[in-house]
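Work through the exercises below with the sequence and the 3D structure open. Try each task before you read its solution.

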Amino acid sequence: MLHMFKKSFWLSCEDSTVCPTAEQAIAKYCAESGETCSFNGDDEVVIGGKTYEIYRGYENGSRGNYGIRCREK
């Protein structure tokens with residue numbers, strides 16, 4: 001239940017056949033929003049001083065909406 005109150009964001013891919021890597025998509029998101037990011041492995045990123053876990057896959061409740069979700073740890 002506590003996961004409901006953690007900040008998360010979804011980066012969807014326009015075309016799932018040519019979706020960028022998680023690092024490329026998150027770096028682009030950070031550059032557009034004026035944040036800094038650093039990666040602590042394949043499944044973890046630090047954005048603006050907060051640690052997020054990275055999930056790659058389909059968005060819940062969607063029909064084939066592939067993308068990347070980052071949720072605060």
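**Exercise 1. Classify Glu 53 by its relative accessibility.**

Step 1. Recall the cut-offs: buried means under 20% relative accessible area, exposed means over 50%, and partly exposed lies in between (1.4 Å probe, protein chains only).
Step 2. Glu 53 has 28% relative accessibility, so Glu 53 counts as partly exposed.

Before you go on, note the ground rules. The model is predicted: local features need pLDDT of at least 70, side-chain atom pairs count only at pLDDT 80 or more, and totals for chains, interfaces and linings use all residues. Residues are numbered from 1 along each chain as its sequence is written, and side-chain values use heavy atoms, with hydrogens and water left out.

**Exercise 2. Find the salt-bridge partner of Glu 53 and say which strands the pair ties together.**

Step 1. The partner is Arg 71, with the closest N and O atoms 2.5 Å apart.
Step 2. Arg 71 lies in strand E5 and Glu 53 in strand E4, so the pair ties together parts that are 18 residues apart in sequence. Strands (E, at least two residues) and helices (H or I, at least four) are DSSP runs, numbered from the N terminus.
Step 3. Check burial. Arg 71 is buried, at 18% relative accessible area.

**Exercise 3. How many salt bridges does a search of the whole structure find?**

Step 1. The search finds three.
Step 2. One of them joins the side chains of Arg 56 and Asp 43 (3.1 Å, N to O). Arg 56 lies in strand E4 and Asp 43 in the loop between strand E2 (37-39) and E3, so this pair ties together parts 13 residues apart in sequence.
Step 3. Glu 44 forms a salt bridge with Lys 73, the closest N and O atoms being 2.7 Å apart. Glu 44 is in strand E3 and Lys 73 in the segment after E5, 29 residues apart.
Step 4. Lys 73 counts as exposed, at 51% relative accessibility.

Methods: A salt bridge is a side-chain nitrogen of Lys or Arg within 4 Å of a carboxyl oxygen of Asp or Glu.
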